[in-house]
Amino acid sequence: MRKKIIVDIHHDQIRVALLENEDLVELYFEDEENLRIVGNIYRGRIANVLPGMQAAFIDIGLERNAFLYLGDIDTQNSAFEFTYSNKKSGQNFKRSVIESIRPGQEITVQVLKESIGTKGARVTTHLTLPGRYLVLMPNVDYIGISRRIDDSEERDRLKSIAEEIKPDDMGLIVRTAALNRQKEDFIHDLDLLYRLWRHIVEIETTRRAPCILHKDESIVYKTVRDIFTQDIDEFIINDKTQYNRVKELVEIISPGLTNRVNFYDREMPIFEYYNIERKIEKAIQKKVWLKNGGYIVIDSTEALTAIDVNTGKYVGKHNLEDTVFKTNLEAAEEIAHQIRLRDIGGIIIIDFIDMEIEEHNEKVINILRQELAKDRTKTNVVGITGLGLIEMTRKKERNRLSAALLKPCPYCNGTGRVYSENMIIAKIEKELEDFFRLRDVWGAIIEVHPDIEKVWLEDGGKTIEILENTLNRRVFVTTDQNIHLEQVNIKPLHGQAELEGILLAQTSK
């Protein structure tokens with residue numbers, strides 16, 4: 001499998017695409033409206049405490065207060081003095097921790113999850129500083145090894161190195177990129193992280209809350225640090241300045257990858273050249289077509305995402321069970337791909353087409369799990385519900401792609417639908433009743449979309465005649481192709497002469 005990282009820098013917007021065999025699988029972007037704050041460390045002030053929710057809201061200087069849950073409070077190395085004993089446990093312990101927190105107290109926290117929708121960012125007091133191969137945890141004495149490193153001998157070797165170099169009273173996590181790396185690589189990585197931590201501690205005592213103590217690196221730097229590993233064949237970027245910076249950075253942290261960094265200097269925009277723009281458009285559509293003619297429908301709510309599978313145009317060659325099975329197999333691959341690309345998090349319910357053979361059900365679930373394993377974000381396929389639905393979860397860290405790229409339609413208010421022509425006509429008739437009740441005029445001229453006029457006058461104008469008789473006013477309908485289907489403009493008419501003048505002006509156009 002060939003993998004490429006494509007970086008598009010255009011004015012103040014940075015977009016990063018990860019391609020696998022020329023297929024878009026991950027997309028990240030950063031601009032003034034989408035500044036990522038995960039990883040940032042803030043000195044905040046407790047705004048209020050909610051014992052019933054076992055949480056507190058922290059003012060960290062952003063538009064919305066951050067959310068600090070009880071489980072994200074480090075009770076061993078904390079700014080708070082907890083009034084509990086080791087004998088306390090369960091609810092008594094939790095109540096003691098919450099009762100020890102007071103509004104106005106200052107606290108250092110790190111952002112775990114971006115602000116999503118109306119919710120503020122989720123923060124923790126368990127601070128972590130990620131490097132290329134290691135993650136430094138200043139407040140815990142612990143060593144962890146990435147779960148993606150499954151070779152037991154390699155895990156033991158890495159753990160032994162980590163124990164040798166770990167600073168006293170601090171913790172380390174060995175990242176996946178550390179696979180087969182030597183002790184010297186880790187020492188350099190750790191030295192940078194330790195100096196960064198000492199700098200954070202130094203400015204923590206000199207600044208007043210709320211303030212930022214550490215801003216995580218730009219999206220380009222994080223891409224090099226977290227994604228640009230040995231399995232990436234090319235790193236292509238279209239900005240000369242950033243290209244030089246990336247080369248310098250790679251030379252420091254992964255010299256062996258330097259020759260894979262390339263500068264894009266063609267006239268055609270880089271995302272168009274690699275056919276990424278079209279794939280982004282596809283990634284925000286509700287319906288996604290499969291290669292065999294079937295399709296999936298993705299519907300997201302605040303609580304969960306529902307995915308439905310349909311055979312569509314695919315009719316198969318043998319029998320219904322075979323047709324359904326092949327559609328579900330292809331859908332399982334595409335669903336895993338779309339979940340990853342769209343950055344869908346939280347609860348996900350998948351409604352595959354019902355299959356009679358149990359072996360087919362198992363194969364479809366195995367394919368789904370196999371494809372989800374390619375995702376760097378943690379996923380968990382729970383199983384099949386009593387209704388035959390696949391239930392799974394994916395860690396939610398940021399807004400899904402559609403929420404970042406799109407906003408609710410000002411006409412349909414996010415429903416994805418508009419009123420039918422007959423419904424709009426009924427609303428117009430009610431508006432006319434109010435219009436004439438408030439105004440003593442001869443009649444009204446109504447400007448609507450041509451589709452509305454077509455339905456309104458399809459009986460030869462009898463509906464308008466009945467309306468005029470009911471209102472005892474003249475009603476004249478005109479159209480404008482450029483206005484929205486639901487838009488209606490009502491203007492008063494003060495007499496026959498005014499109406500004839502309007503008709504004459506329209507005729508002369």
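Strands β10 (residues 134-137) and β12 (residues 171-174) pair in the antiparallel sense over 4 bridges, where pairing requires at least two DSSP bridges between the strands and strands are DSSP E runs of at least two residues, numbered from the N terminus. Within this pairing, leucine 134 stands opposite valine 174 of β12. The model is a predicted one, in which local features need pLDDT of at least 70 and side-chain atom pairs count only at pLDDT 80 or more, while totals for chains, interfaces and linings use all residues. Residues are numbered from 1 along each chain as its sequence is written, and side-chain values use heavy atoms, with hydrogens and water left out.

Strand β10 also pairs in the antiparallel sense with β9 (residues 129-130), over 2 bridges. A hairpin of 3 residues joins β9 to β10, and proline 130 has valine 135 of β10 as its bridge partner. Both faces of β10 are covered: Leu134 and Leu136 are buried on one side, as are Val135 and Met137 on the other (buried: under 20% relative accessible area, 1.4 Å probe, protein chains only).

Turning to the helices (DSSP H or I runs of at least four residues), the axes of α4 (residues 219-226) and α5 (residues 240-253) come within 11 Å and cross at roughly 30°; axes are lines fitted to C-alpha atoms over the stretch in contact, with angles from 0 to 180 degrees between N-to-C directions. The two helices are therefore roughly parallel (angles under 35 degrees). Contact (heavy atoms within 4.5 Å) is made by Val220, Tyr221, Val224 and Arg225 of α4 with Gln242, Val246, Leu249, Val250 and Ile253 of α5.

Technical notes
Buried < 20%, exposed > 50% of the residue type's maximum accessible area, 1.4 Å probe, protein only. Parallel < 35°, antiparallel > 145°, perpendicular 65-115°, else oblique.
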